[in-house]
Amino acid sequence: MSPYISPLFGVAMSVSVLLIMSSSHWVFMWLGLELGTLAFVPILTWWHSSLEVEATVKYFIVQAMAAAMFFFGGLVSTGTEYISSLNQIVGNTGEVMIMLAVAMKLGLAPFHYWVVDVVQGLNYIPGMVLLTWQKVPGLMVLTQLGTTYNSFFLLTLGVLSPLLGGLGGLGQTQVRKLLAFSSNAHLGWLVSGCVIGSLLGITYFALYVVLSLPVFLFLHLLNAVHLNHLRMSLMFNPASGMLVGIGFLSLGGLPPFLGFFGKWLLLTHLVDGFLLGLAIMLIVGTLVSLFYYLRVSYLCLVILGPQQVMIGLSWRKIYMTNLVSGMVVLNMIGLVLVGGVSCLPK
Amino acid sequence: MNHLVLGYVGLVIGVIVTKKSMVWRVGQVGSVLLMLPATVLVNMNMTISNVSYMMTSDFVSLGLTVLSIWLLPLMLLASQQHMVSESLIYQRVFVGCQVFLTGALVLAFMASDLLLFYIAFESTLLPTLMLITRWGAQKERYQAGTYFMFFTLVGSLPLLICLIGQYQMVGSLALDLSYEGVFQLSYLVNFWWVGCILAFLVKLPLYGVHLWLPKAHVEAPIAGSMVLAGVLLKLGGYGMMRVSLMWGATAMLSSEVFLALALWGIVVMGGICLRQTDLKSLIAYSSVGHMALVVGGVLTGVAWGYNGAMVLMIAHGLVSSCLFCLANLWYERSSTRNLSGSRGLIMIFPLISLGWFLMSLMNMALPPAINLFGELVAMVALYNWSPYSIVYMSLGAVLTAAYSLYLFGMSQWGNTMKNYKNLYTITSREYLLTTLHLVPAIYLIFYLGLMF
């Protein structure tokens, strides 16, 4: 495939998000979702390896099924109640179908198995795009749906996601599967945020992107497919190994790092809305997933091979340094920054 | 007092960037220099003082802040020996971890806002985890680290929800205010109270949630043990004092359960200590027993209880830290902590066994040690709560005396084992280390006013 085509797909993916953001009619949303999927499919098979093709087919089938369900749900609600604007559909069968379709597209809890399989087949960079940018269209639909009174359904899925994401990752030794489960756990928080207030969901999403980008990029750099590869990272690239470890702990939401801020923010609003049970369930799920974050960071930071490290910290030799290390530094001091900004005189 | 915390941040950076030969010197001299701003704290008693942005210190936080600042150079002093063989970058990270940990502790003790306290409280987890799992001796250290993290986190996440809930209802998390009477007396307050103190009870630890502590102590390197026994456990006592001072009698309704567990813990831990064969785990279990009395003192909710718990915490911080140092000093020479393998040390190291002697006596609260003072005052408060508690407390005191004697007798008396041939002598660094623990412990006998 000619590399000059890739901007076309990028533009198409952006347009799909713009289309969804700026419309309230379900047909245009469906159009946006389909456009995003179709533009992403060629990127998934960029290197033509058999694993990638398999992953792409899985991705395409699930997305196509979800899109058909979305379309059908839209037809049902328009046909029965003559409503085509998504934020006015209130509690009929069509809305439930649309919600299920979006949940399937995002990979929310009962439908999260495809994400794990697809991410396992991909390289880190397409995987990163799949787990970050490709969530945007679905979330945009959710922010419109979440304002309706039927949000209990979404909250249930949102609670289920961290629990299943946490439990699923416990026995994993494949780094990419682990990242997929971790993204699933974060998705639960995100969806709960979207339901409470769309701005919260978007803030949490931005935080998740900031936290996970450096992890993906450093893992790509280390070419770590299995957890054992990470154990060696401290030997030949100590800086990257350490930064991956810190990135994982930040994803886990431990307080000195930025990851805690998202949890803090959402918990504040959950308790404010008297959703205590939800808050506790989310936290329990996060605790479970913290177990595997901790395991990964043991491998990156703590476990020593028989030899000592012979090379110094080569900060300057990491390529992509400036942006990515900058993001990790943001992980480390981000909480202080947020605290400082919030204390500024209004 | 922001400059104190900034000083620790600067010291972390200094340790990371300084040249090779200066890492330990920068750490030690810097941490001693940081005691200077702390001397300002000591002048202020019984009042809320040194108020600056988001930080304050009063009589509750004073002693513990000074204790954590005091222990940092001692930790560095104690861990020099086993770090010399490590590569430079690991030495930097090791010293940096300890300095960061102390900075977080100072921030926790001096925060004027409960949420800032919570964040600092949680920030101490990561450097401690690094100390335990990275520099521990055996491979069981991973299990110990995971236990440590998960016990603490499971306890402390309800605390976060409770704090946020309080902020939503009352609109403030300031430590120095009294919120008594803001909540109406209802059964919900009980849940709130339990959620608030659960984190601290796990951290102290209370009997029943103490399983992480002996594991962590046995696996941790000497610096980790010192800071765990010296200050980190006290974080729990401090937090409990703060929360209960804020809410007063309103929230103390369901404390009976924990008081009972604490009393039971004193006795059981005494019994468990008597059948330990490992020096470090004996000292660790004795910490649990002593901290049970702190729980008792605080949860009675009377002034005597608080004062006793405060004195006991500081006394125990110095004594148990020194006992760990002494155990480690033997461990570095003989590579064993087994009690049956370490007999008759008085024949090998006569002068250091004076340290063992004094510290064992202080551990069993012999007069005129400050431990005795703390224990007596806390016991009076507990007796006032329920006269029957005297049974458990006296039994506990007897068992404490018994295992302290057992510790001293097993390690110092008897025949020296024949297989120790080339033990190198105690260095002046180690004498200094022991002395710097002993001096404040003895000095505080004459100046109890410093602590309450």
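Everything here comes from a predicted model, in which local features need pLDDT of at least 70 and side-chain atom pairs count only at pLDDT 80 or more, while totals for chains, interfaces and linings use all residues. Residues are numbered from 1 along each chain as its sequence is written, and chains are lettered from A and ligands numbered from 1 in the order in which they are written.

**The two chains at a glance**

- Chain B has 20 helices and two strands; helices (H or I, at least four residues) and strands (E, at least two) are DSSP runs, numbered from the N terminus.
- The radius of gyration of chain B, taken over C-alpha atoms, is 21 Å, close to the 22 Å of the globule rule (2.2 Å times the number of residues to the power 0.38) for 452 residues, so chain B is as compact as a globular protein of that length.
- Along the principal axes, the C-alpha atoms of chain B fill a box of roughly 70 × 55 × 40 Å.
- In chain B, 57% of the 452 residues count as buried; a residue is buried if 20 or more other C-beta atoms lie within 10 Å of its own, exposed if 12 or fewer, and partly exposed in between, with C-beta atoms placed from the backbone.
- Among contacts in chain B with a separation of 6 or more, 81% join residues 24 or more positions apart; two residues are in contact if their C-beta atoms, placed from the backbone, lie within 7 Å.
- Chain A comes to 15 helices and zero strands, and 51% of its 346 residues count as buried.
- For chain A, residues 24 or more positions apart account for 75% of the contacts with a separation of 6 or more.

- Apart from neighbours within four places in sequence, Ala292(B) touches Leu206(B), Tyr207(B), Ala262(B), Gly265(B), Ile266(B) and Met269(B).

**Where the parts meet**

- Chain A is divided into domain 1 (1–106) and domain 2 (110–124 + 149–333), with bounds from an automatic or database domain assignment.
- The contact between them takes 17 residues from domain 1 of chain A and 13 residues from domain 2 of chain A.
- On the domain 1 side, H3(A) gives the largest share, seven residues.
- That side of domain 1 has 12 nonpolar, one polar and four charged residues, where Ala, Val, Leu, Ile, Met, Phe, Trp, Tyr, Cys and Pro count as nonpolar, Asp, Glu, Lys and Arg as charged, and the others, Gly among them, as polar.
- The contact between the chains takes 22 residues from chain A and 20 residues from chain B.
- On the chain A side, H14(A) gives the largest share, nine residues.
- By class, this side of chain A has 18 nonpolar, three polar and one charged residues.

- Helix H8 (residues 125–135) of chain B is mostly covered, with 11 of its 11 residues buried; among them are Arg134(B) and Trp135(B).
- Helix H6 (residues 124–131) of chain A is also mostly covered, with six of its eight residues buried.
- The buried residues of H6(A) pack against helix H2 (26–44), helix H5 (113–121), helix H7 (135–145), helix H9 (175–196) and helix H10 (198–222) of chain A.

**Backbone details to look for**

- Most residues other than glycine have a negative phi, and most peptide bonds are trans.
- The peptide bond from Leu204(B) to Pro205(B) is cis, with omega near -10°, and Pro205(B) lies in the loop between helix H10 (187–203) and helix H11 (212–219) of chain B.
- Asn223(A), not a glycine, has a positive phi of about 55°; Asn223(A) is exposed, with 10 other C-beta atoms within 10 Å.
- Ala365(B) has a positive phi near 60° and lies in the loop between H17 and H18 of chain B.
- Ala365(B) counts as buried, with 23 C-beta neighbours inside 10 Å.
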